[in-house]
Amino acid sequence: MERELKFPQDFLWGTAVSAYQVEGGINCDWSTPHQKIGGGPAGKACDHYNLYEQDFDLMEKLNLNAFRFSIEWSRIEPEPGKFNQKEIEHYRKYLKSLKARGITTMVTLHHFTNPIWLAKMGGWTNKKVVFYFSRFSCRMLEEYKDLVDFWLTINEPMIYNGLVYFQERWPDARNNIDLLWANAKKNPSIIEKRQSLLSRIKKYLLQAKKLVSVTKVLRNQILAHKKVYQEFHNLKPGVKVSTANNNSFFEPFNEGSVLDRFSVFLADYFWNRYFLNKIKNHLDFIGLNYYFHNKIKFPFQIKNDNKIVSDLGWEIYPKGIYYVLKDLKKYNLPVHITENGVADKQDKLRQDFIKHHLRWVWQAIEEGVNVKGYFHWSLIDNFEWDLGFEPGFGLCEMDYQTMERKIRPSAYFYAKIAKENAIYLLS
Ligand code: BGC
């Protein structure tokens, strides 16, 4: 027999993208020339910048009533303090079109990319970023306050910190690692040299330097979020502001091991709680990006069962979203699932992925978690950072030559859920 699992009235069924991943661009740190290993600059990506109406048509066709996207800071403010009116009008048109279609809008103000001028100043390690980011954000609020329903200041602060730790952004990190190995293969003495005492000391000093950067970035992200939250509420009482956090479900590899449990405690504390706890009095809702379940063996070895994995080898573990949601209940705030999705070019996994994750979202709602919306990552295939255009996270497939979008079968499955506001399970 089939069991109907109904979602709350007014539930938001959406998708999510970020500007650089679908629009590309020329003025941000990801668009500067660097050696093409893995990704490389996105060029014009899916040309969503020009073809956004087509993408909005897709959303309508798929019965979606919400959309999360980001405004590219480097387009709006290509030089410090110089705001580009043409770009401001571009995003106004964009937002107006969404509103005309009755779509709820959620805007991210920082989704990994920085204007080049900011990157040159040290990016988020420089404490001036707090002022610059809030100036940009407040301008966005002034311009679009009647067109935006939800604001997210920063996407995945902890993941971004990972990028800083690996030399402030992924392309450089990958280049350095790959070049190191390429050289090492050519000249084995490099490997020996790396192990010499001097190089070990250098390595530790570099690690220490990177850790200092992470601490600075974290501090500035927290300050920037709080400042923007405060200023937004002064400018527009009732505004809804949050961040999108990549919280994972951690389990001990061996339940009986005190050390494994201790590692889980630490991972959970630093990865899932630290940032949220710092800003918990400056949030109107919680944004959750759920992708990962990790079984941890002391000290921090990940040992997953990996029964089902995506094209990227990421384990698919739908029940994890339930545990993470239950854990967020203590903040006593509405929750939006601001990202959840799978790299699956052949579209073999996505339908079940969506069904099973939503089954556990439903369960969390049943048990009192106030989940208000689900934004699937992503509407269309796009530029997946260091991995370039290879992974396919889209409900719609992209042909990057012709810029044609093709709806995948799993998208129709999601469209049916959105229409019926329910999923059906065999019981
Ligand atoms: C990021 C996206 C990314 C997705 C899939 C999230 O961490 O916000 O930009 O494309 O994961 O890797």
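Helix axes here are lines fitted to C-alpha atoms over the stretch in contact, and angles run from 0 to 180 degrees between N-to-C directions. The helices themselves are DSSP runs (H or I, at least four residues), numbered from the N terminus. Keep in mind that this is a predicted model, where local features need pLDDT of at least 70, side-chain atom pairs count only at pLDDT 80 or more, and totals for chains, interfaces and linings use all residues. Residues are numbered from 1 along each chain as its sequence is written, and side-chain values use heavy atoms, leaving out hydrogens and water.

Let's start with H13 and helix H14 (residues 409-420), whose axes come within 8 Å and cross at roughly 30 degrees. That makes the two roughly parallel, the term for angles under 35 degrees. Where do H13 and H14 meet? On H13 it's Arg350, Gln351, Ile354, Lys355 and Leu358, and on H14 it's Ser410, Phe413, Tyr414 and Ile417.

H13 (residues 350-366) also has helix H12 (residues 319-328) beside it, with axes that come within 7 Å and cross at roughly 25 degrees. H12 and H13 are therefore roughly parallel as well. Lys319, Ile321, Tyr322 and Leu325 of H12 make the contact (heavy atoms within 4.5 Å) with His357, Trp360, Val361, Gln363 and Ala364 of H13.

Now for the ligand. Residues around it (a heavy atom within 4 Å) include Gln21, Phe112, Glu156, Trp314 and Glu339.

Terms used:
Angles under 35 degrees count as roughly parallel, over 145 as roughly antiparallel, 65 to 115 as roughly perpendicular and the rest as oblique.
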